[in-house]
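Good morning, and thank you for coming. Please look at the model on the screen while I take you through it.

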Amino acid sequence: MTRQTKKKKDHVVLSIDIGGSHVKILSSTGGVKKKADSGKNMSAADMVAAVKTLAEGMSYDVIAMGFPGPVADNKPIREPANLGEGWVGFDYAGAFGCPVRIVNDALMQALGSYQGGRMLFLGLGTGLGAAMIIENVAQPMEIAHLPYRKGNSYEHYVGEAYRVKKGNKKWQARVFDVVEMLTTALQPDYVVLGGGNVDELDSLPPKCRKGDNTLAFEGGFRLWNDPRLIT
């Protein structure tokens with residue numbers, strides 16, 4: 001794990017949130033969020049080209065990137081399920097011409113959502129993203145494909161495909177059950193539910209609050225500029 005060191009002046013960070021439908025960027029200096037289409041054919045090189053086009057005329061020192069897949073030692077370790085190939089082993093810092101920090105996309109939104117203590121973050125979208133932060137120590141968690149019931153995974157029951165097939169009522173019941181199980185096991189002080197499908201919930205489980213997808217950008221800023229975090 002790496003502890004950020006205190007800087008006299010904050011870095012100007014370009015935060016990149018990569019998803020299966022869009023790549024979105026925002027600068028830590030403010031301005032307007034910009035986005036470009038992604039999709040199943042987008043490679044890492046395509047992403048860099050798209051971001052450079054979106055960021056034309058912008059000035060930044062460093063980049064924070066939320067990647068939709070597992071990350072270790074600041075590198076993607078598996079090709080993303082909903083994008084093209086060429087992400088593993090790619091030289092991101094060389095391609096952008098500046099330092100780049102990469103974390104799992106769920107962890108980046110978790111960092112932006114964190115308000116101290118023990119927080120569990122669950123991202124409800126196409127699949128299930130998860131991360132936990134305990135007293136500023138951040139840990140991504142690949143729990144989506146762990147067995148849940150009837151030989152199927154957590155993601156099978158709380159992902160978008162199940163919601164569309166079974167309807168919101170059954171899907172929401174599964175979300176509540178999964179949150180209860182994980183809360184019992186991990187004992188967080190609070191749970192943040194993020195991701196695109198959180199708005200499909202009629203109510204929230206106990207100890208939960210609704211996240212905001214735009215906080216992924218804030219997580220990217222904190223990744224570089226919050227010296228308290230250990231990632």
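Predicted model: local features only at pLDDT ≥ 70, side-chain atom pairs only at ≥ 80, totals over all residues.

Residues are numbered from 1 along each chain as its sequence is written, and side-chain values use heavy atoms, without hydrogens and water.

First, the sheet. Five strands form an open sheet in the order S10-S9-S8-S13-S14, with mixed pairing. Strands here are DSSP runs of E with at least two residues, helices are runs of H or I with at least four, and both are numbered from the N terminus; two strands pair if DSSP finds at least two bridges between them. Strands S10 (137-140) and S14 (208-210) stand at the edges with a single partner strand each, so one side of each is left without a neighbour in the sheet. Strand S8 (residues 118-124) runs antiparallel to S9 (residues 128-134), and seven bridges join them. Within this pair, Gly-123 has Gly-129 of S9 as its bridge partner.

Now the domains. The assignment, which is automatic or from a database, gives domain 1 (13-107 + 216-225) and domain 2 (110-212). Their centres, taken over C-alpha atoms, are separated by 23 Å. About 910 Å² is buried between them, 59% of it from carbon and sulfur atoms; this is the accessible area (1.4 Å probe) that two parts lose on being put together, summed over both. In domain 1, Ala-106, Leu-107 and Arg-222 lose the most area to domain 2, together 59% of what that side buries.
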